[in-house]
Amino acid sequence: MSDQNLSAHAPHEPVPFISLIAQHQTLAHEVTAAVGRVLAEQKFILGDEVSQLEAEIAKYCDSRSAIGCASGTDALILALMALGVGPGDEVITSPFTFFATASSICRLGAKPVFVDIDPETFNVDPEAVEAAITPRTKAIMPVHLFGLCADMERLWRIAVSHGVSIVEDACQAIGAEYRGRRAGVLGTIGCFSFFPTKNLGGAGDGGMLTTDDADLCKQLRCLRVHGDTGNYHHTEIGLNSRLDALQAAILRIKLKHLDQWTEARRRNAQTYRELFTAYSLNDEIALPVEPREYKHVYNQFTVRIPGGRRDGVQQRLRANHVGAMVYYPIPLHVQPCFEHLGHRVGEFPEAEAASREVLSLPVYPEMPAHHAELVVRQLKAAFGQTRSQSDARRAA
Ligand SMILES: *Cc1c(COP(=O)(O)O)cnc(C)c1O
């Protein structure tokens, strides 16, 4: 795009961080028809639409079964319940993730054991995971953060050698691949979210579990309906966590387009890589990595802005109508609600550094083609105008 074209847009055309409207417009007729069908039938909880979606997700992930539930958070809770995790148990996970990863562990009375992350991938460091194993460890819960799978082979070896399970928090990673296999079949149970801004998003909350284990599948189906094994017979106390037929009907339509949307996200990521080179930003700002044998699905395109400049850059972008978000500003080990775990600042330096330096840029599939260049131009300008901590010290 020429500079002239750009100046016609910049700096005032707003660049939203995400917009779901364009995507809906392409599907509005189909979605409205599907919603009408469910309303005509008046069968809202589980039922055919949910069973069909479950079969389609199982096929998509290449898992033996898939079980719908009410949210990604509930998927995590149900997975841990099915594995028998409870008080006295430990589950190893990342401190650099969305809150629900760790809260699901606490919700069952178990203890989240945080380990530091790999600074390049933002995912748990397998060596740290191995060092954190104790006789009380019941499971490892890696998060495929931002849409990039964790180092699953090393985690799987650790899990097998210590006899513990793996619950994949794949909420940001539907369609992501590791050595040719998709997220959801890389552990014992996979957990997905259909929160509207996830890569496959519904019209509200929704979630899904995947597993190859027939016994776990049976248990999960029972646990999501109060632990009812049929005829109001309860051997366990479960949850009320079912997927709505309305959500399932909408998600079935969207699933057909998911791969195409993923490719659009990947194209946007590639465009950013080229623009970062063109604008000579590579040396200063670190781009997300996509190691060989991994397929990143870019739920977020997250860069690192070091030197204490991240907040200043974000503010300047915002002032110039460019949306950029910090996921996540506070690592979980220092959240007030986890104070009882006795962690301190400095304990997980990589997670803490990531929290200070990350910035996620717009990458949604329907993002207009010229927006990436508007983002990078504004980023270049903002970076140049923002003093680093060492500059500030020198000036003082
Ligand atoms: C979104 C998300 C969840 C929770 O999913 P909900 O459907 O919002 O409950 C859990 N973990 C991660 C990493 C997520 O991104």
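Is E293 buried, partly exposed or exposed? In this predicted model, E293 is partly exposed, with a relative accessible area of 48%. The points below set this residue in its context.

1. Division of the chain. The structure has two domains: domain 1 comprises 3–19 + 257–391, and domain 2 comprises 24–255. Their centres, taken over C-alpha atoms, are separated by 26 Å.

2. The interface. Contacts join 34 residues of domain 1 to 45 residues of domain 2. About 3,500 Å² is buried between the two domains, with 65% of that area on carbon and sulfur atoms. The interface also contains 19 residue pairs in polar contact, both residues being at pLDDT 80 or more. On the domain 1 side, α10 (258–278), β10 (294–295), β11 (301–304) and α12 (349–357) each contribute at least two residues. Helix α12 gives the most, with five residues. By class, this side of domain 1 has 20 nonpolar, eight polar and six charged residues.

3. Salt bridges between the domains. Two salt bridges are counted between domain 1 and domain 2. Elsewhere in the list of ion pairs, the side chains of R179 and E293 form a salt bridge at 3.4 Å, N to O. R179 lies in the loop between β6 (177–178) and β7 (181–182), while E293 lies in the loop between α10 and β10, 114 residues apart. R179 is partly exposed, with a relative accessible area of 43%.

4. A pair involving strand β10. K295 forms a salt bridge with E263, and their closest N and O atoms are 3.2 Å apart. Because K295 belongs to strand β10 and E263 to helix α10, the pair ties together parts that are 32 residues apart in sequence. E263 is partly exposed, its relative accessible area being 33%.

5. The whole structure holds 21 salt bridges. One of them joins the side chains of R252 and E49 at 3.1 Å, N to O. R252 is in helix α9 (residues 245–255) and E49 in helix α3 (residues 48–61), 203 residues apart. E49 counts as buried, at 8% relative accessibility. Through shared partners, salt bridges join R37, E49, E56 and R252 into one network.

6. Helix α4. Why is helix α4 (residues 72–82) described as largely enclosed by the rest of the structure? Ten of its eleven residues are buried, so the helix is largely enclosed. Among the buried residues are D74, L76, L80 and M81. At the N-terminal end, S71 caps α4, with a side-chain oxygen 3.4 Å from the backbone nitrogen of T73. Just after the helix, G84 takes a positive phi of about 75°.

How values were computed: Residues numbered from 1 in each chain as written. Predicted model: local features only at pLDDT ≥ 70, side-chain atom pairs only at ≥ 80, totals over all residues. Heavy atoms only, no water. Domains from an automatic or database assignment. Contact = heavy atoms within 4.5 Å. Buried area = accessible area lost by both parts, 1.4 Å probe. Salt bridge = Lys/Arg side-chain N within 4 Å of Asp/Glu carboxyl O. Polar contact = N/O pair within 3.5 Å; in protein donor to acceptor, adjacent residues only side chain to side chain. Helix = DSSP H or I, 4+ residues; strand = E, 2+ residues; numbered from the N terminus. Nonpolar A, V, L, I, M, F, W, Y, C, P; charged D, E, K, R; others polar. Buried < 20%, exposed > 50% of the residue type's maximum accessible area, 1.4 Å probe, protein only.
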